[in-house]
Amino acid sequence: MIMTMKSSKLVGPLLKQLGPRFFSSVTTGAMINEPVRGILLIRTATFHRAGTLPVPGVRNGSTVALGNTEVQEKELPNSSLNGDGQDKKGFVSYWGILPAQVTNEDGTVWRWNSFRPWETYQANLSIDLKKHHEPNTFLDKVAYWTIKALRVPTDIFFQRRYGCRAMMLETVAAVPGMVAGMLLHCKSLRRFEHSGGWIKALLEEAENERMHLMTFMEVSRPRWYERALVFAVQGVFFNVYFLVYLISPKLAHRAVGYLEEEAIHSYTEFLKELDKGTIENVPAPAIAIDYWRLPADSTLRDVVLSVRADEAHHRDVNHFASDIHYQGHELREAPAPLGYH
């Protein structure tokens, strides 16, 4: 107890002297949330030399002023911190900055926490859907026939339930980009070098695939055994793809390229069922309308068209990445293709 009291007396003045040095360009501090009569009181302790720091997305162009060890208090209604209609819970930014109230162009509150307005885009529906990479080398053939073999049990299990098939597909398709991005991130750290933008491109691919899943979750609710299947398949696929990427990145990217070709085929069949009326062409989920900037009266068919275009983009990116490795280069030596925006 005596040592603790002495150490606290020493640490206090030390932090007081070194605080402005270490926190001159970084905003830190403790965030305390206190619900007071339906109002969330957020106290922010910030450290900054001078000036104001604009918070992106805040309405009316307001900013948060930061001064030396300045403690600010701001009252925000709970509803402004959660615009998705769920339980109102207050939370604060990781960086110690008050959460901004993001709005649409018309001034309405942005409804989604999983993505922001500046991350939305319009899918390139004019992309070539018939492009196919002929498997010429041994590794190409291994990747091609492996994906073809995996399609057999998928067809048997899902039959023509393309909504559930799409949902299952996206739980797997979002894994390669995350695994490859993670491994390239670690490689960049080990070698003290840039990645040519590939880390961001691959992580963006994984995030895009995850948004596909979030969309189809609104259309098809998985059954308990389908959820169990996701656990099994994703667990196996993650570890297998991790090992394959360590051994041969070109094989891993080629396999994903062929996987995306199969995804294009599946979504094309999905569209045929929608056109025939076998699957009801319901209104597009709200999350899809905002994510792909679709018209308000869009339908499930419009969503499937956008998703299929995204898969074609993933196909081209991964085949391109595999070609780079076949040419004896690393991904960092060739700039990553442009993203979805």
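1. At what angle do α3 and helix α4 pack, and how far apart are their axes? Keep in mind as you look that this is a predicted model. Helix α4 covers residues 198-217, and α3 packs against helix α4 at an angle of about 160 degrees, with 8 Å between the two axes. Angles over 145 degrees count as roughly antiparallel, so α3 is roughly antiparallel to α4. The crossing of this pair is left-handed. If you sort the residues of the contact of α3 with α4 by class, you get 15 nonpolar, 6 polar and 4 charged.

2. Now turn to α3 and α6. Their packing angle is about 160 degrees, and their axes lie 11 Å apart. That makes α3 roughly antiparallel to α6. The crossing of α3 and α6 is left-handed.

3. The axes of α3 and α5 cross at roughly 30 degrees and come within 9 Å. Are these two helices roughly parallel or roughly antiparallel? Angles under 35 degrees count as roughly parallel, and α3 and α5 are therefore roughly parallel to each other. The crossing of α3 and α5 is right-handed.

4. An unreviewed UniProt entry places the feature "transmembrane region" at residues 228-247. In the model, the chain over residues 228-247 is 100% helix and 0% strand.

5. Do take a look at the largest pocket, whose volume is about 790 Å³. Its lining is made up of 29 residues, and those nearest the centre of the pocket are I147, L150, V172, F237 and L259. Which elements give two or more residues to the lining of the largest pocket? They are α2 (138-158), α3 (162-191), α5 (224-247) and α6 (249-276). The largest share of the lining comes from α2, with 10 residues.

6. By class, the lining of the largest pocket has 23 nonpolar residues, along with 3 polar and 3 charged ones.

Notes. Residues are numbered from 1 along each chain as its sequence is written. This is a predicted model: local features need pLDDT of at least 70, side-chain atom pairs count only at pLDDT 80 or more; totals for chains, interfaces and linings use all residues. Side-chain values use heavy atoms; hydrogens and water are left out. UniProt positions are given in the numbering used here, feature names are shortened, and annotations may be inferred rather than shown by experiment. Helices (H or I, at least four residues) and strands (E, at least two) are DSSP runs, numbered from the N terminus. On a 1 Å grid over the protein atoms alone, a cavity is a set of points where a 1.4 Å probe fits but cannot get out, and a pocket is an open set with protein on both sides within 12 Å along at least five of seven lines; lining residues have an atom within 4 Å of a point. Grid points are joined across faces, edges and corners, and a volume is the space filled by probe spheres set on the points. Ala, Val, Leu, Ile, Met, Phe, Trp, Tyr, Cys and Pro count as nonpolar, Asp, Glu, Lys and Arg as charged, and the others, Gly among them, as polar. Axes are lines fitted to C-alpha atoms, for helices over the stretch in contact, and angles run from 0 to 180 degrees between N-to-C directions. Angles under 35 degrees count as roughly parallel, over 145 as roughly antiparallel, 65 to 115 as roughly perpendicular and the rest as oblique. A crossing is left-handed if the near helix is turned anticlockwise from the far one by less than a right angle, and right-handed if clockwise.
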